[in-house]
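Here is a protein for us to read together. Ask about one feature at a time.

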Amino acid sequence: VIEFLPSGIVSIYRTFRIVDPFRFATNSSTDLLVMGLNGLVVIITMMYLVDELRSLSASPVKYLKQFWHCIALVNVILMFVLLGLTAANEMEARTLFETEEGTPLKQGDLQSLGFLLDQERNLQGIIAIFMWVRFYKYCSISRKLSTLTRTLSKSAGPLVLMTLLLFIAGIGFALGCT
């Protein structure tokens, strides 16, 4: 990607990132709906945090020995990391585009913002995986689904190791192909 900056500098980047820095604008009703839904996610995350802290404070050892409680706690922690990353990205985008009149953007500012937005999307994907795993807890309602959850719980250790190995191989391919 070749970027022609207002200062006359031409920058060449090997990666192409789509940057939408104005995610939380208030120009239309759709933007207000997105802001409201993000606020709802914050409220639900706070409710889950209170619930998990209440369970953790009741009996910490028993809480940490159960797999589903650990998944829930990791999910809540990752949600707070995502909220912090989203807020930091929004503040960086606003400070980037609120320059004085006639002052050009600095070289590379959009690339660093694009990288952070990519990391935010990656974290959203990881959180979705944790939510999907947590969904299996509620699958023990029927006999067939409880068989599935028992099988997954017995094979959780090898599945985590296999996922780790696939993750390492994926990182290797990602680094080798860029």
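Q: Is Phe167 buried or exposed?
A: The general idea is relative accessible area: buried means under 20%, exposed over 50%, and partly exposed in between, with a 1.4 Å probe and protein chains only. Phe167 has 53% relative accessibility, so Phe167 counts as exposed. A word on the source: this is a predicted model, where local features need pLDDT of at least 70, side-chain atom pairs count only at pLDDT 80 or more, and totals for chains, interfaces and linings use all residues. Residues are numbered from 1 along each chain as its sequence is written, and side-chain values use heavy atoms, with hydrogens and water left out.

Q: Where is Phe167 placed?
A: Helices are DSSP runs of H or I with at least four residues, strands are runs of E with at least two, and both are numbered from the N terminus. Phe167 sits in helix H6, residues 156-176. H6 is hardly covered: the count of buried residues among its 21 residues is one.

Q: Which residues form the nonpolar patch on the surface?
A: A patch takes residues with over 30% relative accessible area and no salt bridge; nonpolar side chains (Val, Leu, Ile, Met, Phe, Trp, Tyr) are joined within 5 Å, like charges within 9 Å. Accessible areas come from the Shrake-Rupley method with a 1.4 Å probe, and for residues only the protein chains shown count as cover. Here the patch is formed by Leu161, Leu164, Leu165, Phe167, Ile168, Ile171 and Leu175. Together they have about 750 Å² of accessible area.

Q: What span should H6 have?
A: The expected span is 1.5 Å times one less than the number of residues. For the 21 residues of H6 that gives 30 Å, and the end C-alpha atoms are 30 Å apart, so the two agree.

Q: Which residues are buried in H1?
A: Asp31, Thr45 and Glu52 are buried there. Across the protein, buried residues make up 21% of the 178 residues.

Q: How many salt bridges does the structure hold?
A: Side chains of opposite charge can pair when their charged atoms come close. The cut-off is a side-chain nitrogen of Lys or Arg within 4 Å of a carboxyl oxygen of Asp or Glu. The structure holds one salt bridge. Arg121 forms it with Asp118, and the closest N and O atoms are 2.7 Å apart. These two are three residues apart in helix H4 (residues 109-135), so about one helical turn separates them. Arg121 is partly exposed, at 44% relative accessibility.

Q: What does Thr86 touch?
A: Contact means heavy atoms within 4.5 Å. Leaving out residues up to four places away in sequence, Thr86 touches Arg23, Phe24 and Glu120. Thr86 lies in helix H3, residues 67-97. At 15% relative accessibility, Thr86 counts as buried. Its side chain also reaches the backbone oxygen of Leu82 at 2.8 Å.

Q: What pattern does the protein follow along the sequence?
A: The pattern reads β-β-α-α-α-α-α-α. That comes to six helices and two strands.

Q: How far apart in space are Ile129 and Asn75?
A: Sequence distance and space distance are read separately. Ile129 and Asn75 are 54 residues apart in sequence and 9.5 Å apart in space, C-alpha to C-alpha. Ile129 is in helix H4 and is exposed, with a relative accessible area of 54%.

Conventions:
Polar contact = N/O pair within 3.5 Å; in protein donor to acceptor, adjacent residues only side chain to side chain.
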